[in-house]
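Student: Please take me through this structure by question and answer, beginning with the terms that we shall need.

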Amino acid sequence: MGTRRTLVFLVLFVLTSELAHNTIALSEVPLHGHSTIQYVDGPIGSPAGVVTLPSSVHHAEDRSGLAEAVSSPSVSTGDHLGEAGGHHGVAGEHGTAGGHGGGHEGIHVFTAEFARVEIPFIISLWIFCASLAKIGFHMAPKLSSIFPESCLLIVVGIVIGLLLFHTNSAGVSPLTPTTFFFYMLPPIILDAGYFMPNRLFFDHLGTILLFAVIGTIWNTVSIGLALWGCGLTGLYGFELPLLDTFLFSALISAVDPVAVLAVFEEIHVNEILYIVVFGESLLNDAVTVVLYNMFDAYVGMGQENIKYTDILSGFASFIVVALGGTLIGIIWGFLTGFVTRFTNHVRVIEPIFIFVMSYLAYLNAEIFHMSGILQQHPTGVKLHLKMEEQDVALETEKVEPDENNLTDPDSGCISENQMVSNANTEKLEVDENSMAEPESGNQEEQENSENGSNDKNLDPYAYLKRPEFSSENFKIEIMNLPKYYGAGHLKKFLQKQEINANKMKLMKGYVFASFRSESERDIAMEKLKGATFKGNILDVKLAKPMQDPLIKKRKAEADAEGQKKARKELEGEPLPIAEQITKKTVPYAGKTYSEQLTLKHQEMMTVLKKLTKEIRNAHQQAGPFIQKKKVAHGAICELAEIIPSPVSEKYRNKCEFTVGVNPETDELTLGFRVSTYKEGSYAVGPVSHLAFISDAMREIVSVFEAHFRASGRKPYNPEDHSGFWRQVLVRTNLAGEVLAVVQVHPQNLSVEELESVKNDLKKVAEANKVVSLYFEAVGPKKPGEDPPLEHVTGSTHLVEKLCGLEFSISPLAFFQVNTLAAEVLFNKIAEIAEIDSNTNILDVCCGTGTIGLSLAKKCRRVYGVELVESAVEDARKNAEKNGITNCVFIAGKAEDEVNNLLDTMKKIDAEEGIEGSKIVAILDPPRAGLHRKCCQLLRSAERIERLIYISCNARAAMKSFIDLCRAQSNAYAGIPFIPVKAMAVDLFPDTPHCEFILVLERYRPT
C-alpha cells in the first residue's frame, strides 16, 4: 500500500512542480500575433489539442503569445544542446563554446559540466525532495491530523517548480498532454485497476454509468451553453461560436480526479464512495474522448456543413471507443497472464512483464484512438486474478495440511493475535518434548506432531478417507473480502449469520473456513453467497483440502534419497538417539550454569532493545521521553541481573511422554519425540538420561514402559491411526508423589476390553505409589466433543506446597513446572508490585490462582480470570483450603471478562465504602500473548496505574507489549503504558528460556 501511495503522490508532486513552472513561464511571455492555442491539458485519445479561434478573435493579437509559449517545447531555456555545447564541451552563455569547435583548449584535468547531466539530475532531485518530504511527514505525526500527505507533496512540488524557474535551471520540458497521458497516467490507472474491488465496481455499475455518461454529457452541455450565453452578452468583446464553447467544455469535463482518489485511499474513505468516484473517472474518459473528437471535427467542418450522419457517427463512436478499449484490455490481460505462467521459476522478471505488457496494451489502445484508461482496467483485473492464483498455488505449497499451520489436519484454531481464538487454549509451559520451546498445553497438537514411517508412496489425501472426523473434508474459500478488515470483524460477522466455522485461515484477499459436517458447510455457503461484508459482496466456493505434511515431505524427499545417503556417508554416523533427544530438549546442557545465565541475560537485553525501538515507532510522541529514559545499551529501562533457579536438576514437575518406537532398538518406548510429524518422522527416544526429570518421574516412566511392552499392544501410529498406546502425562510434587494420565486410542475394543485395560493400569499405579490415575480414550473425533478424562484410582488432585500455601492441582491445570523457582518468581512479583492493604489485584490468566493467592494477604482483594474451568475450580478450592476469603475467581476469556471483573471490583468497593483504591494488574498469559481486545480494555481502565507482565517467551509477547504502549487512538483509548523496569527469573535451566517480567506504568512525561 505504501508503494502505491508513493507512486501516485510522486506523480502529483512532479505534476504540480511542472504546472508551477509553466504558469510562471506563461505569465512572463510577451504577447504577439498568433491565433493557435496548444492546450496544456486534454483528454486521452484527443489529437494534438489545437483549437483555431474564429476570425473575430484575430484582431486580439496580444492574446496569441500565450499559444506560442505553450506550443514551444521550452519557455525559458532556449536550445538545450546549444547551451550545453554537446556532450564534451563546456557550456557557454550563447552556446558557442564546447564540442570540437573553436580554438584548441587542451586536456582538462578537472571539468565541471552540469549541463550534460542537467535533466536526469533535476528529475532525481525531484524524487529525492519528494522522498524527504514523505519521511518528514511521517516523522511529524501531528501533520497528518492537519492535512493529507498528498497536499504536502503538492506544496513541495510548487516550491520546487518556483525554485527551478527562478534559478533558470528548468531544463526539463514543461508538462504536456503527451507527457502526462503517455508516461504519468498509465501506471496510476494500472495500479487502481489492479487493486480495485471488482465486485463492488460491477454492483454499483448503474450509479457509475449515471455519473460518467449522463453527468459528463450534462457538464459538457451546460458549461458550453453557459459560456456561449455569456458571449451573447458581449462580455468577451468578440463573438464566440457555439461549437467552440462545446469543444472547450468537452476538454474541461475530462479532468480525472487523480488527487482526490489518492487522498481517498490515504484516509481509507468508504469503499462505495471510492469506487463510485473511481468508476466515474474511469468511464468518464470514454465519454470525453468521443465528445472532444466529435466537436473538434465539427469545428473543422463548420457548423453549416454538419449532416445528420455526422451526428449519428459521433454517438456511434461512444460504443466503439468504450468497447474497443475494453476489448484491447481483455486481450492483453489474457496474453500477459499466459506469458506469466512461464515465469514461476524466474519470479524476478515477472514484474517487468506485467508493467511492460500493460504499457504496450495502453499504447495499443492509443494507436486506434480507443480509451487507454478503459483498456487498463480489464488488464489490471486479469493480472490481479492471475497473480492471486499463483499466490494461492505458492501458499498451497508452503502451508501444511491444516489451514491453521498445525501439524495434523484435525487440530487447533488460529491464534488469539489473529483475533480468532481457540476455546481450548490452555496456559503455556515449556514443552516437555522440546525443552527449547515453551509448551502449548494442547495434547492434540502434541500427539499429532509425532514421528512416522519410511513409506514414501502413500496418498497425501488418505487421511480424508479414514473414519475419523476431519474438517478438511468440509472446507470453503470465502472471496472478495474488503481491503481493510480484521479477523475479529469477520468472526463477528459469521456469528451474526449463525455460521459456526470449526477453524479459519486468513490469506491475502480470501479466507479458508472449515466446518464439522457437510450440512454446516452447505448452509454456510448458502448464507455467504452474495452476503455483504463491509460493503463487499462476498463470493464463496468449495476449497481443496490440504495434503498430509508427512506424506508430502516424503514424496519431496524421495528423489533426493541417493544424495542423502551419499551425504550421510561423508558426514559419518548420525548422533545416537539419546544425544538427539538431549540436543532437542535441553540445548544448553553441557554449558556451565553461569554461562547459561549470561546467554539468557543477553537475549533479554536484545528483546528489551527491540521493544524500545518498536515503542518509539508505535508512539512517536513519546520519542523524546524514551530517548531521555534510555539507559545503557539503548534499552528503555534497566534490565536487572537474571535471578537463578534454586535447583538446576530434577526440577520438572510435569512432562508429557509419547509412546512410540525407538529406531535404534525397534522396541516400544515411552519418551520424547526425536522429530515432528511435520518434519517427516515420529520416532521416540528414551529420557532416563535427562537431568531435569525427577527421580519419581523417571521411575514411573520406566514402570509404564515395561507395562506397555508386556501388554502386547502396539504404540499409536499417527500416520495410519493404528496402534493403541498414545501418551502419558506425569505430574510430581516435592514429596515425590505422582499423578498420571494414560491416553490411548480405543480402536475397536469393546467396553469390557477397555475396562480390563483400566484394571491392569490400576494395579500398576497402586503398586508404584501413583496417588492419582486418570484414563483418556482419544478415538475418532466427533463434532463438538472432547474426550473426557476418566478418574481410575487415588485422589482427584495432586497437592503441592508453595509460598507457605497448599495448592490442589488437577491433571490439566496450569502450574509452573519448576516449583522452587516459581516461589522465587512469586516473591519477586510481590516485591515489585508495590501493593498495600488498599490495592486491588487484577490477576489475568490466573491458572490455579498461585500468584493471586500468594499476594492475597498483602492486598485488599484479588480478582482472577482464567479460561480453563477446571483451573478456576482449583483456584477457588485452594483459596478455601488456605482460609483466604478476599479472592474472586471467574472462568472465561480474559478479553470478555476483564470488564466484568472491573465492574465487580467497583461495585464491591462502593458497597464497602472504599473510594480511590488503586489497581495493579498482573498478566501471565499464554506464550502468544494477550488478545488485542484485552490490551484495549486494560488501557481504557483508568484506575489501573501499574501492570506486571510475565512471559515465558518475550519475543512472542512483543505484540502485546506494543499494544499496551502504542499511541492513543480510537482503537486504543486511554493513556498508554511505558516500561519502567525489567527482570527475569530462570525457571528452565539447560534451556534458552526464562520467565521475563516487565513492569509498565502510565505514560506521563511531566
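Tutor: Axes are lines fitted to C-alpha atoms, for helices over the stretch in contact, and angles run from 0 to 180 degrees between N-to-C directions. Helices (H or I, at least four residues) and strands (E, at least two) are DSSP runs, numbered from the N terminus. This is a predicted model, in which local features need pLDDT of at least 70, side-chain atom pairs count only at pLDDT 80 or more, and totals for chains, interfaces and linings use all residues. Residues are numbered from 1 along each chain as its sequence is written, and side-chain values use heavy atoms, with hydrogens and water left out.

Student: What percentage of the residues of the protein count as buried?

Tutor: The secondary structure of the protein comes to 31 helices and 26 strands. Buried means under 20% relative accessible area, exposed over 50%, and partly exposed in between, with a 1.4 Å probe and protein chains only. Of the 1006 residues, the share that counts as buried is 51%.

Student: Are α22 and α31 roughly parallel or oblique to each other?

Tutor: The axes of helix α22 (residues 593–618) and helix α31 (residues 958–965) come within 10 Å and cross at roughly 40°. Angles under 35 degrees count as roughly parallel, over 145 as roughly antiparallel, 65 to 115 as roughly perpendicular, and the rest as oblique. The relation of α22 to α31 is therefore oblique.

Student: Which residues of α22 and α31 make the contact?

Tutor: The crossing of these helices, at roughly 40°, brings together residues from both of them. On the side of α22 the contact is made by Val-607, Lys-610, Leu-611, Glu-614, Ile-615 and Ala-618, and on the side of α31 by Met-958, Phe-961, Ile-962 and Cys-965.

Student: Which elements do the buried residues of α22 pack against?

Tutor: The buried residues of α22 are Gln-596, Leu-597, Lys-600, His-601, Met-604, Met-605, Val-607, Leu-608, Leu-611, Thr-612, Ile-615 and Ala-618. The elements that they pack against are α23 (623–629), α31, β25 (977–985) and β26 (995–1002).

Student: Which residues in α25 meet α24?

Tutor: In α24 the buried residues include Val-703, Phe-704, His-707 and Phe-708, and the buried residues of this helix pack against β11 (654–662), β12 (667–673), β14 (725–732), β15 (738–744), α25 (751–767) and β16 (770–777). The axes of α24 and α25 come within 11 Å and cross at roughly 150°. Val-703, Phe-704, His-707 and Phe-708 in α24 meet, in α25, the residues Asp-760, Leu-761 and Val-764.

Student: Are α29 and α30 roughly parallel or oblique to each other?

Tutor: Helix α29 (residues 894–911) and helix α30 (residues 932–940) pack with their axes 8 Å apart, at an angle of about 20°. In this contact Ala-894, Glu-895, Asp-896, Val-898 and Asn-899 of α29 meet Lys-933, Cys-934, Leu-937 and Leu-938 of α30. The relation of α29 to α30 is therefore roughly parallel.

Student: What is the separation in space of Val-586 and Leu-690, C-alpha to C-alpha?

Tutor: Val-586 lies in the loop between α21 (577–585) and α22, and Val-586 counts as buried because its relative accessibility is 5%. In sequence Val-586 and Leu-690 are 104 residues apart, whereas in space their C-alpha atoms are separated by 8.4 Å.

Student: What separates the C-alpha atoms of Ala-735 and Glu-800?

Tutor: Ala-735 has its place in the loop between β14 and β15, and Ala-735 is exposed, with a relative accessible area of 65%. Ala-735 and Glu-800 are 65 residues apart along the chain, and the separation of their C-alpha atoms is 8.1 Å.

Student: What is the phi of Lys-650?

Tutor: Most residues other than glycine have a negative phi. Lys-650 is in the loop between α23 and β11 and is partly exposed, with a relative accessible area of 44%. Lys-650 is not a glycine, yet its phi is positive, near 55°.

Student: Where is Glu-834 found?

Tutor: Glu-834, although not a glycine, has a positive phi of about 55°. At 45% relative accessibility, Glu-834 counts as partly exposed. The place where Glu-834 is found is the loop between α26 (819–832) and β20 (839–844).

Student: Which residue with a positive phi follows α24?

Tutor: Helix α24 has several buried residues, among them Ala-696, Met-697, Ile-700 and Val-701. Following α24, with a positive phi near 80°, comes Gly-712.

How values were computed. Contact means heavy atoms within 4.5 Å.
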